[in-house]
Amino acid sequence: MHDSGQLAAITAEMADAIVAQQLSAPLIIGIHTGGAWLAERLRAALNPAPPLGTLDISFYRDDFSRVGLNPEVKASNLPVAVDNRDIILVDDVLHTGRTIRAALNEIFSYGRPERVCLAVLIERPGRELPIQADVVGQSLDLADDEEAKLSNNGGDLALNIIQIGKAIAGKIA
Amino acid sequence: MTPTATGDAIQFDRNGKLKHFLTISGLPRETLVGILDTAESFVSFGKREVKKVPLLRGKTMVNLFFEPSTRTRTTFEIAGKRLSADVINLNASRMSTIKGESIVDTVRTLEAMHTDLFVVRDSASGAAHLIAAHLPEHVRVVNAGDGRHAHPTQAMLDMFTIRRAKGGFDGLKVAIIGDLLHSRVARSQIHALNTLGVAEIRVVGPRTLIPTEIETLGVTATSDMLEGLSGIDVVIMLRLQRERMDGQLVPSAQEYFNRYGLTEEKLRHADKDAVVMHPGPINRGLEISSAVADSSRSVILEQVTNGIAVRMSILATIMGGSEERS
């Protein structure tokens, strides 16, 4: 998926769907790293452009005692208070739901938002928690050994479908 | 009970991941940089509504201090609590070591109560290594100062403070001034500064307080304060440890201050942007003047604040698992 092509069309549709949620003075929060890229695109498509925050959920992951800390953990940055605010939480792929669970926990450590609306570029099977998105760019019926991953080549976003342990199996551009 | 007898390999698990934090000696540069980078992302936590992350939820951490301490013990306690660990403080005065129990037996007793992590300070060099060598595989140990040997978490928070003040380590000239002989902090700082690649380390103090073998650690030694300060970017003052002095190592407090006490006048010989550090507690008018300690050049209180984020980073680094990330 390239910005100029299909990906741009999908993010434009997502922005419309976000507007339809009728959020008041929302804060848009992207989850590092793919969600942060996507949140930036969605923010630019919204009018007025909401304040943009980023979240690194490394400290809230549930696999710390197995795999330890992510060595490339980045600081989370929420530019405005989350208390009583509507929030658009953005990630690239909704898969097991564990990342979103961690992100919600982190958001609540900053305060109590009024409402959290989840927007994802790709929704795929494999949920392990009762979590669903409010805004979905595209549903992909990926197999267990397939992974969808957003890449950023100098500001040019592309979504790659990777067969685990193998080369790129497909690409949406 | 020499630390090298047990070897620094004890610090790593079978996957090569850091599992104890006992000494900086032998740790690779990327491990130190990783701890500093992670600490950077913990800095903002002090400003959140909820100052906690759930990384060590359900874990029990025991602060085992056989020597008095205020800031080290307190910042470890805060660091543990911000990571959601249950933190227990045990002080030597109430401890069963007074009743004759050995340090290893004391620790084994506490481990039998399902402690996951020990933070240990002791007046004997190598105490933390000894404890680490006698505990089961899953228990972690952090050295919070052992005798004259090492104080690695203090050195890491000093490195963090230097990096924040100076932006990095390349080309930096660092002077460590005062009682090098009794200072475990200085030893750990020298290892860290060399590993992180500063340009020059000078140690400055009276000959009676500078160990004769110190230049083998990769530093230059001088007893001339002004020569030592010349062109320096980072001035690290050490506390004159009067409680450790059993002989006549220093002629008088006044004479020590005249020659080695850091005053604004002496500081003029350092670089104009030099910062002043001190691990605390400071002896005003003995190793540092109040004017310098309270000046804008001083980052002494930043060191204390940074101690929380750096200790959170170290605890999170050693307590995490080492299986491959999926």
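In E2(B), Val62(B) has Ile88(B) as its bridge partner. The model is predicted: local features need pLDDT of at least 70, side-chain atom pairs count only at pLDDT 80 or more, and totals for chains, interfaces and linings use all residues. Residues are numbered from 1 along each chain as its sequence is written, and chains are lettered from A in the order in which they are written.

**Exercise 1.** Find which strands pair with E1(B).

*Solution.* Strands (E, at least two residues) and helices (H or I, at least four) are DSSP runs, numbered from the N terminus. Two strands pair if DSSP finds at least two bridges between them.
- Step 1: E1(B), residues 60–65, is joined by six bridges to E2(B), residues 86–91, and the two run parallel.
- Step 2: The chain passes from E1(B) through helix H3(B), residues 71–82, to E2(B) in a right-handed β-α-β crossover (clockwise from the first strand over the helix to the second, with the strands pointing away from the viewer).
- Step 3: Five bridges link E1(B) to E3(B), residues 117–122, also in parallel. Here Val62(B) stands opposite Phe118(B).

**Exercise 2.** State how many residues of E1(B) are buried.

*Solution.* A residue is buried if 20 or more other C-beta atoms, placed from the backbone, lie within 10 Å of its own.

**Exercise 3.** Describe the contact between chains A and B.

*Solution.* Residues are in contact if their C-beta atoms, placed from the backbone, lie within 7 Å.
- Step 1: Chain B gives 20 residues and chain A gives 16 residues.
- Step 2: On the side of chain B, H2(B) supplies the largest share, four residues.

Key
Buried ≥ 20, exposed ≤ 12 C-beta atoms within 10 Å, placed from the backbone. Contact = placed C-beta atoms within 7 Å.
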